[in-house]
Amino acid sequence: MALAFDEFGRPFVIIREQEQKTRLRGLDAQKSNISAGKAVARILRTSLGPKGMDKMLQSPDGEVTITNDGATILEQMDVDNQIAKLMVELSRSQDYEIGDGTTGVVVMAGALLEQAERLLERGIHPIRIAEGYEMASRIAVEHLEQIANKFEFSATNIEPLVQTCMTTLSSKIVNRCKRSLAEIAVNAVVAVADLERRDVNLELIKVEGKVGGKLEDTELIKGIIVDKDMSHPQMPKHIEDAKIAILTCPFEPPKPKTKHKVDIDTVEKFQNLREQEQKYFDDMVQKCKDVGATLVICQWGFDDEANHLLMHRNLPAVRWVGGVELELIAIATGGRIVPRFQELTPEKLGKAGLVREKSFGTTKDRMIYIEHCANSRAVTIFIRGGNKMMIEETKRSIHDALCVARNLIRNNCIVYGGGAAEISCSLAVEAAADRHPGVEQYAIRAFADALDSIPMALAENSGLQPIETLSAVKSQQIKDNNPWCGIDCNDVGTNDMREQNVFETLIGKQQQILLATQVVKMILKIDDVISPSDY
């Protein structure tokens, strides 16, 4: 790097320790950035679609994750390159905002970068490419709105929602049970949704998993499951019309907050202390009985004496229940969380039609079901599966399905999947390119080619001839002028995505195109990379 001199001929420092920094500038910087982005997209390309492959990731502590969810793969990969980190952020933002389409958005960004590299080699300025991409993305998003269909559904007719969730689940490991899982996801969302305001609070849906059983045993419980058992084995396991006291105070005598010491020098004093403690426990249990509670759920533990007393007074109890679960139980049963025994009143008790303890398999694992609650707006999806990895992957799949159902309630427009929407956008963008004079039209055409990469990857992953299949579907779309011809990944024998019931949400697709374009513009605008060299 050249030294700079002032007017007296003395050298001065512009970049400190510049000989220890590596620096890429101009076209070299752009090419290295593009190749990093393409490398990440290449990893996810094979995971796209219903026939996509899964990735197996091992964390540093030896835990294994098997998944084909784009966001999870990139999250678990230990990415070092800064541009690759941008791609990870890209899939994460798609996951946070939409919840689905995390693989497609990265593949799309990779294809745009690949096309940009060709244009850079032809000597087109990166800013002109970025502007062309911006125009093309606007054309594509508007075109998506034109080809979108509205979906009419109600609390009684949920079939359209189920069909869209099945499209999401068909690309996961759980696709053999996609119908039942889609129904569970939609019923859960409809149970907690506010259809007037078109709003869904996904925090009210708790997803629990337990190893054992089979995937088909997964169920939706209109209530809460707590992974605990009754504090005493002889307490009743089945309580009907339960009145629940939800406590965050421990069942034990109060301890001073300051340091303290109790001197006991006679037997009488010890007896006295013992009786005081017993009376204290007695009062606590009596207070719970007086307000009419038939079940106590406590955030803290209690010792054997309190346990014995509760058992003796026929007051079933559950201890060590976490704070989040307590809140959900309070929401579901309509109760209040009580921090002190003095504040316990009959109005603050939660009500549930049935509380039961259920044991699983031969492992003596037990869980408590709180069902038929006063407020049925908190539900639990309980997943069963052969091993821990299967349950984790099912949880991720259910999360995607829940997000899709939520998006459809917020905005009930859909486009057709199987690459149909991308091919239709590609044709619209291609047609619009000729109307733009100047160098941008090359970038707009490149954008149209990049849109084709998603249907191409779908065809490739399904074992079809990619170029042949894509050109056949494209010509069919042009000939019949219908935007629902896509890639027949499941070999059904028809390219009509309406017949195959392959739907995707409009906002998910638009978000994919906009996010991918934003990130690619950002990468193209970098022309100087200064990084500390590795020691």
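This is a predicted model: local features need pLDDT of at least 70, side-chain atom pairs count only at pLDDT 80 or more; totals for chains, interfaces and linings use all residues.
**Exercise 1.** Classify the contact between the rings of Tyr 416 and Trp 484, and state which parts of the chain it ties together.

*Solution.* Step 1: the ring centres are 5.9 Å apart, and the limit for a pair is within 6.5 Å. Tyr 416 and Trp 484 therefore form an aromatic pair.
Step 1: the angle between the planes is 65°, and planes over 60 degrees apart count as edge-to-face. The pair is edge-to-face.
Step 2: Tyr 416 is in strand S19 (residues 413-416), while Trp 484 is in the loop between helix H15 (466-480) and H16, so the pair ties together parts 68 residues apart in sequence.
Step 3: Tyr 416 and Trp 484 form one aromatic cluster with Phe 503. The count of aromatic pairs in the model is four.

**Exercise 2.** Find which charged residue lies over the face of Tyr 369.

*Solution.* Arg 356 lies over this face, at 4.4 Å from the ring centre of Tyr 369. The distance cut-off is within 6 Å.

**Exercise 3.** Describe the largest pocket: its volume, the residues closest to its centre and the classes in its lining.

*Solution.* Step 1: the volume is about 750 Å³.
Step 1: 44 residues line the pocket, and the closest to its centre are Gly 49, Thr 167, Thr 168, Ser 171 and Glu 504.
Step 2: the lining has 23 polar, 13 nonpolar and eight charged residues.
Step 3: H6 supplies the largest share of the lining, five residues.

Key. Residues are numbered from 1 along each chain as its sequence is written. Side-chain values use heavy atoms; hydrogens and water are left out. On a 1 Å grid over the protein atoms alone, a cavity is a set of points where a 1.4 Å probe fits but cannot get out, and a pocket is an open set with protein on both sides within 12 Å along at least five of seven lines; lining residues have an atom within 4 Å of a point. Grid points are joined across faces, edges and corners, and a volume is the space filled by probe spheres set on the points. Helices (H or I, at least four residues) and strands (E, at least two) are DSSP runs, numbered from the N terminus. Ala, Val, Leu, Ile, Met, Phe, Trp, Tyr, Cys and Pro count as nonpolar, Asp, Glu, Lys and Arg as charged, and the others, Gly among them, as polar. Rings of Phe, Tyr and Trp (its six-membered ring) pair if their centres lie within 6.5 Å; planes under 30 degrees apart count as stacked, over 60 as edge-to-face and the rest as tilted. A charge sits over a ring if NZ of Lys or CZ of Arg is within 6 Å of the ring centre and within 35 degrees of the ring normal.
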